[in-house]
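This report is meant to be read with the model open beside it.

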Amino acid sequence: MKLRPLRISKPVPELTKLPALGMDADSIADAFRHYFTHTLGRDQLCHSTHYPYFAIALTLRDRLMERWKSTRHAYRQLDCKRVNYMSLEFLMGRALGNAMLNLGVTDEATRALYDLGINLEEISESEQDAGLGNGGLGRLAACFLDSCATLQLPVIGYGIRYEYGMFRQKVKDGYQVEEPDHWLRDGNPWELERPEYTQRIKFGGRSEYYTDAEGQTRTRWVDTHDVLAIAYDVPVPGYQNNTVNTLRLWKAEATDEFDLDEFNAGGYTESVAAKNEAENITMVLYPNDSSENGKALRLRQQYFLASSTLQDVMRCWEDRHGDDYSDFAEKNAFQLNDTHPTCAIAELMRLLMDEKKMDWDQAWDITRRTMAYTNHTLLPEALEKWSVGLYQQLLPRLLDIIFEINARFLSEVASRWPGDIERQRRMSIIEEGPDPQVRMAYLAIVGSFSINGVAELHSKLLVEGLFHDFYELWPEKFNNKTNGVTQRRWLAGCNPELNKLVTSKIGDGWITDLEQLKELAIYANESEFSKQWREMRKINKQRLADLVSSKCGVNFSPDSLFDVQVKRIHEYKRQLLNVLHVIHLYDRIKRGDTKNWVNRCVLIGGKAAPGYAMAKLTIKLISNVANVINHDPAVGERLKVAFLPNYRVSAMEIICAGTDLSEQISTAGKEASGTGNMKFMMNGAATIGTLDGANIEIREEVGDENFFLFGLTAEEVEQTREHYNPRSIIEADEELSNVMKLLECGHFNQFEPGLFDSIIHSITSPHDPWLTAADFHSFVEAQRQAADAYANQERWTKMSIFNTAASGKFSTDRTMHEYNNDIWKLKQVTPLAVASEMECTEKLK
């Protein structure tokens, strides 16, 4: 059953005409008391932090709601063009601090709770990180939404409301253990269920051809197994500008929750089978796809997101324009965040042709003028492909359409390059073979008007390599949009000490114009400012040390160099290279090579995909190496190592503020962009890294002297692969040879013989795609330079200041300006100051 919005025959001012809510401490305290006592039913005997957190969240949500309604109403009244940002991940982090910052009531809320005897920081810790994403892709999407709201661009995010996040990571005996991340267990006070926007999603069945009343041959999708998509809305506030955009998340439910006949017949499990099967779609972020069932569930998730979103956008359109789609492409755009939502291209064609009775050319014109695709990977194996057989089973009507898109596309290729069958084979959306595959990235390119990479090097390598054939056909489609991060969360919110120091010198305009941080550079030579900078850094490092102590049981001294690598565990990100350097430092200590030593604390964190054996073994190696080093009295304070379990947004907010040296050490040509590098830089960390991803642009901004460069370039990587001989490199390098001897003799796995043999083989294999041994010597030399620089605290402080001052380019505000100027062409919409919906209507008229 599809619920429809409530229709009121004429305006009823009393429904919405209310005075604006107070933003002062007393008003916030009054609202808090109301929710705490009347809504939540608590009193002075309540000792849980959960209920105070819910009460302050509801208090702030009310204030967001006023602005949210005004924003929606302004968009509707102006009938402005909108962008629908589709992503399988939105790694939002905690919402409370962000809401207070963007509403401008952090001090007022803190004071209101303090007067009530409540510590805001303590209750903030009870908020769960929203389990809607895993890594950089999802965090980038969250930053994009923040910047769009701050820039007052009409952009709505569309994602999935996962019941469980990817997993909660624990480390037991050095091994990653995955536990369910039931982040919604205690409810989510920030979301609003919107059942009136429920959509019906089809799976399975078959395509049926028929003749309509005008004698046209049409197709319909029949005998399907349907599920419902229930909408949940989350507010996305801009920075103190009265704009609140929307993140709409979809939850899957069965069309019939309960089969009473089956239950009465004794089939208790069978009576809820349909309910369970439907809810599985939105149960877990990224189910393990190593099995056929896992693959099917991943594809169901992707189509579920695409179909529910497109149907919702078309519902909104028809509410305003009826069945006239002549201006739909002028008023709507869909940004596909990586290949996951790409089936939206075929689904939009289906909806326009099968439901709206358009012919192919009309539907294809609308589709190709509304879809835009962002690519996030240079790894060919990471470009999603789905079995034609699986598509036929789950989405038969979409497969028909994909075949037709491919046939027409290959005709265009043949016309451009007659007789070049090999080129047609390379460019075909359908990869032929014993098990034909649908190449989703190719579908995205063919069906989109814009294709962008996310860093200058990434975009260059896309058009020179991975997508070169398509670039030759459509060079005008390809462009670069270097990623960024939002300074509201990643400096103003997470680093209050730096926020205060920067604002005291240059004002607070940088919060919405990060380029203003350049003004800090002139203070780098002022001794008093440098002293304040070091004091600020020490406070932040102590916060990080406290986190490591509580989560890892390892004591970090704030006087040591904090050397940090936190990101998804993957071979191309080369946590292994980092560990080899740690072993090298340990070997130096044991050999007595400690002249001019700089004490160092190494922190590594990140999750490995459940089915990624090598990544999980790397975590085990890190843990074993840390255990040996931390318990060796000969090492002492010279070197400490910790692996931080369950790395997440709220942890990164502490980590990036307290890091000295940011490890961005992927094999050149493999990292699309990276955004952790930007967060660290913004908070004053120096980068040690390869010429990969956005590292190149970071180095250009901050200068060679403030960046520790090492390793092969992307071009040198390709040349080295042709004659790569790691054994000879190891034999010629005494330091690397010593490290390998410690690994090969089992020094770090004395009671687990042979445990790390596969890691040793990966380092010594001439087929190692990550060229770990090739970059080791250069990496060690760059690390020596970093240690020498840290030993000179005046020099290091200047480097830290210059890194923050040079980070202005890496705001998502700049990124969103570029998306809008080059791709979306949206107009800024400024909602009226907070007023009732009815008043807003009259003023807009």
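## Helices α21 and α22

Helices α21 and α22 are roughly antiparallel to each other, because their axes cross at an angle over 145 degrees. The axes of α21 (residues 496-506) and α22 (residues 527-552) come within 9 Å and cross at roughly 160°; such axes are lines fitted to C-alpha atoms over the stretch in contact, with angles running from 0 to 180 degrees between N-to-C directions. Glu-497, Leu-498, Leu-501 and Lys-505 of α21 make the contact with Phe-529, Gln-532, Trp-533, Met-536, Ile-539 and Asn-540 of α22, where contact means heavy atoms within 4.5 Å. By class, this contact of α21 with α22 has six nonpolar, two polar and two charged residues.

The model is predicted, so local features need pLDDT of at least 70 and side-chain atom pairs count only at pLDDT 80 or more, whereas totals for chains, interfaces and linings use all residues. Residues are numbered from 1 along each chain as its sequence is written, and side-chain values use heavy atoms, with hydrogens and water left out.

## Helices α30 and α31

Helix α30 (residues 734-744) packs against helix α31 (residues 757-764) at an angle of about 155°, with the axes 10 Å apart, and the two are therefore roughly antiparallel to each other. The contact is made by Met-740, Leu-743 and Glu-744 of α30 together with Ile-760, Ile-763 and Thr-764 of α31; by class, it has four nonpolar, one polar and one charged residues.

## Nonpolar cores

A nonpolar core is a set of buried Ala, Val, Leu, Ile, Met, Phe, Trp, Tyr and Cys residues joined through side-chain atoms within 4.5 Å, and buried means under 20% relative accessible area with a 1.4 Å probe, protein chains only. The largest such core has 185 residues, of which Phe-304, Tyr-391 and Leu-639 touch the most other members. Helix α10 (residues 292-321) gives the most to this core, with ten residues. Apart from it lies another core, of 56 residues, among them Ile-506, Leu-547, Met-652 and Ala-694.

Leaving aside its neighbours within four places in sequence, Leu-639 is in contact with Val-582, Leu-585, Tyr-586, Ile-589, Arg-600, Val-602, Ile-629 and Asn-630.

## Asn-332 in strand β10

Asn-332 belongs to strand β10 (residues 332-337) and is buried, with a relative accessible area of 3%. Beyond its neighbours within four places in sequence, Asn-332 is in contact with Lys-81, Arg-82, Asn-84, Val-313, Trp-317 and Thr-370.

Methods. Helix = DSSP H or I, 4+ residues; strand = E, 2+ residues; numbered from the N terminus. Parallel < 35°, antiparallel > 145°, perpendicular 65-115°, else oblique. Nonpolar A, V, L, I, M, F, W, Y, C, P; charged D, E, K, R; others polar. Buried < 20%, exposed > 50% of the residue type's maximum accessible area, 1.4 Å probe, protein only.
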